[in-house]
Amino acid sequence: MAGRFALDIETVSPTLEHYETPPDFDDPTYFELLAVALGYESPDGDRETEMLFRRDDTPNDELDLVERTLDWLAERHGDEYVTYGGETFDVPQLVGRTRAAADGSVRDGSARNGLVDRLRTRLEVDLAHVDLRRPAWDAFGDYTRLEAACRNIGIRPDDTDWKEYDHGIDLDALRPEKFRGFEKVINKDVPVFGERYIALAAAGATETLTFRSLHELLDHYGREDIVHLFDLADARPF
């Protein structure tokens, strides 16, 4: 029996205003990778999670993140990976951003193209993809979010409270009115924190309290997105 993986990506949209909806969610030019959340369940049932983050604001750094993701997967033996909405966002955006970053990098062209091919082979050939969003929508209603799907089967994800971290960002001063007052971080908040995180990383300010707090917040948020996917998969049929 082989193990299995879980995968989720976090993105930023530096060409858009905060909370602006991307005109086309299929177009990778409206996104950049911020982090890749990874989970692994061994054949014995042991689980681990990892958050791999950007370290700079360059296309080469985006490619480095993809390489580190592939290395992490290669170090573990599995035959499938689980996502929530990965068929329409995580996988095409991960591939699309790799291709876009390769086009904008200063690396050798063959190495750039080889990374896109490696990623597609790993995600589209080597591993079977189990996307839980459609069965969750069929059971709980269209547009059911991951957190709501988990609650429907008795799992209570741990909210990330943005006020508990010393990141220096007042979300309620930036959020549209309909989102103000939420104590927990929602997915539309991630680019606000993520763009600040990448800017500080690029400036070498990784030892500051602000950067460390942003890292802790994003790490907690990302792992909570990934850690429950195995249990959600095991709860089928919903």
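Select Arg4 and Glu41: both residues are buried. Buried means under 20% relative accessible area, exposed means over 50%, and partly exposed lies in between (1.4 Å probe, protein chains only). The model is predicted: local features need pLDDT of at least 70, side-chain atom pairs count only at pLDDT 80 or more, and totals for chains, interfaces and linings use all residues. Residues are numbered from 1 along each chain as its sequence is written, and side-chain values use heavy atoms, leaving out hydrogens and water.

**Stop 1: the Arg4 pair**

Stay on Arg4 and Glu41. Their side chains form a salt bridge, 2.6 Å from N to O. This pair joins distant parts of the chain, with Arg4 in strand β1 and Glu41 in strand β2, 37 residues apart. A salt bridge here is a side-chain nitrogen of Lys or Arg within 4 Å of a carboxyl oxygen of Asp or Glu. Strands (E, at least two residues) and helices (H or I, at least four) are DSSP runs, numbered from the N terminus.

The structure holds 21 salt bridges.

**Stop 2: two more bridges**

Pick Asp61 and Arg54. Their closest N and O atoms are 2.8 Å apart in a salt bridge. Asp61 is buried at 5% relative accessible area. Arg54 is buried too, at 1%.

Next, show Asp172 and Arg175. Here the salt bridge has its closest N and O atoms 3.4 Å apart. Asp172 is partly exposed at 23%, while Arg175 is buried at 1%.

**Stop 3: helix α7**

Select residues 190-202. This is α7, with 13 residues. From first C-alpha to last, α7 reaches 18 Å, close to the 18 Å expected at 1.5 Å a residue. The expected span is 1.5 Å times one less than the number of residues.

Colour the buried residues of α7, among them Val190, Phe193, Tyr197 and Leu200. What do they pack against? The buried residues of α7 pack against β1 (3-12), β2 (32-41), β3 (47-53), α6 (171-174) and α8 (209-227).

Step just past α7 to Gly204, which takes a positive phi of about 80 degrees.

**Stop 4: α7 against α8**

Show α8 beside α7. Their axes come within 10 Å and cross at roughly 135 degrees. Contacts (heavy atoms within 4.5 Å) bring together residues including Phe193, Arg196 and Tyr197 of α7 and residues including Phe211, Leu214 and Tyr221 of α8.

How values were computed
Axes are lines fitted to C-alpha atoms, for helices over the stretch in contact, and angles run from 0 to 180 degrees between N-to-C directions.
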